[in-house]
Amino acid sequence: MKKFICLVMALVCLFAVNSYAGTTTFKDVKDTKYEDAVDMLTTFGIINGFDDNTFRPNDSVTRGQLAKMLVIAMGSSENDVTVASKKFLDFSDVLSSHWAYGYIKIASDKKLINGYTDGTFKPDATVSYAEATTMLLRALEYEDAVTKSTLEWPNNYMSYADEELDLFENLGEFKANNAAPRGAVAILLWNTLRTGVAEIVGENDKGLVYGEGTPMITEYMNYIYLQDAEVKEIEFDDDYKTAKVTLKEEGKVSRKITVYAEEAMNMFGKTITLLLDSMTNEVVISNYETKYKVVNGEVTNIGKTKIYISSRSTGYDIPDDENILLYGIEYLDDAVEVTMLVEGTSAKYCIAKGATDVLPGFVTNSNVKISDDQYGIRVRKPGVNKGGTDYYVANDDKWPEEDSVILYYINSDDLLVVLNEIDVKDAAEITALTDDYIKIASYGTYEFDSEKDYSVIFVDSSSLDEAKIEDIDKDMDTVCPVKYGTHLFLFVYEDDILNSLDKDFVYALYDLEDIIEDALEYDEEDYTQESYAKLMEEVAYGQKLNYQSTKNKIKNTIIDIEDAIADLDDDVSKSEKKITAAKKELRKLINGECQDIIDDEFEYTDDSYEYFDDMYEEAIDVLEMYDALLSEVEDAHEDLLDAIDELEYLD
């Protein structure tokens, strides 16, 4: 199934980013340059508004208030502040009773702030752009880089913040010594949070060279912020509950996140701004933008070039393959519902969904009159021996024939939609079968995780019956596998291979099966090594024969096994009886646990399985010997057990 969709997108966002889910935009910053910064910082609890739903972006900010903002932005908790408020602070004008005492103490300890030469801090003084910028650069740990400049304060800080880190983006014009109002401080702080903390990237004749490392919002607050990212890949899990989405911001490294499947589909075809919890990789808030109109509806028809939906009589042009996201289906033709991003009559992106509540059915009447001149079909569900339910058919082009088997679902208009018509000619032979998987010629191998992952449907000439994997005869039945969404339907045609064979040949196969079963009932330790080994040689040959063998070969093998049974020699000495008993135990190990290991061969490392295989072949050789010694049998048994113990699973 195609669950891995590579998307080559050139996404264009024509609109400004809207306010984020879960936040409230204050009425005096809505649709202003402050909106995004204020909303985000409010979400983090770094800043607050007022009771009248205003933020008052033009009001002043004090030095103490900015110290608090920075301390919260760097991850300090209220408990940290409480502890700090009980410690000594060497500023003469910040008393322990001051509301910001604990915040100023932490900011001072982190060397984010300095006092004045007279020993004061002036916590209630208005903070200037220069002071705010200086504190922010210290929080980003760029002070060493800044102090290498030949410029004097504040020009050295202002120049570095502007030219190296772009911290003044979206601020507009201002003077360094002017008071920084609340709105400007919000923008400055939001720009800072998205800037990488200083990281040493090299060294030259002037000293260490710094570059941007982990963004401050990730370093201190454990959040990841992606802005206007593009979807590069979406990979759904096996049950389509979650998906891994690879996102890429322009000029930055791709990031893979896991989200619910519905969230992944919301991202498709849009520019994305996300805030993620870096500890859990979960989406905290999100915003998706698209320049296209979003339409959705039930699919009424999919042509070569157009998709038609129930809410529109004319179709939409089908987008390029890389812009089609298949959810729960393998092919676009299987879609029953689509969501499209359209421009005019052209779908630029399409999310195609499969049906839920898909059912198998047997069509007992393909032209039943339901009302007036309206005709439909009568469908019988598995396990129902007579009658059925009458339905109108939604898609005339897939009207099924009588006595056919179909996969279908009932749409919102109570019409039956035919998804597949199952044909016995599509069924193939089984090449391997266990409780965990089935391998079907020309189809491949299907693995089973639980009963919910698949259904076994036995098909005969008049009905369907639900069955179990154990009910399948791997030598005679044929199977038509149909996968829809996360569910695999196995339509089993019982003894289908025999139906094409000569009856005498079939009876010979049954006789061979019976004689082999009889031969295996004889107890090995009651007979001599030679006579029992000869019997097992004939049985092993017979077990390899099947419907592709000739009738004469099958009949001759039956005679050979009968002769070998007649020649069994029960004149076993006491000393040899120990050997035959040991052989019996070795054969039990080979036919039991070893066969399970062979079925799961590819679960083990090559080296460990190769050693097991060598010991297995040596044990077979010992069993085939007519005069094996007791020590040889016991050694073979022990070596095989050791090889089993040393098997190593692949990571």
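P154 lies in the loop between α6 and α7 (helices, H or I of at least four residues, and strands, E of at least two, are DSSP runs numbered from the N terminus). The peptide bond that leads from W153 to P154 is cis, and its omega is near 5°.

This is a predicted model, in which local features need pLDDT of at least 70 and side-chain atom pairs count only at pLDDT 80 or more, while totals for chains, interfaces and linings use all residues. Residues are numbered from 1 along each chain as its sequence is written, and side-chain values use heavy atoms, with hydrogens and water left out.

## The buried residues of helix α7

Helix α7 spans residues 155-163, and N156, Y157, M158, Y160 and A161 are buried in it (buried is under 20% relative accessible area, exposed over 50%, and partly exposed in between, with a 1.4 Å probe and protein chains only). An α-helix has 3.6 residues a turn, so residues three or four places apart point the same way.

The elements that cover the buried residues of α7 include α5 (129-139), α6 (143-146) and β3 (207-215), where contact means heavy atoms within 4.5 Å.

## Positive phi in two aspartates

D166 is located in the loop between α7 and α8 (182-193). Its phi is near 60°, a positive value in a residue other than glycine. With a relative accessibility of 42%, D166 is classed as partly exposed.

D403 belongs to the loop between β17 (389-391) and β18 (405-410). Phi of D403 is also positive, near 70°, and this residue too is other than glycine. D403 has a relative accessible area of 49% and is partly exposed.
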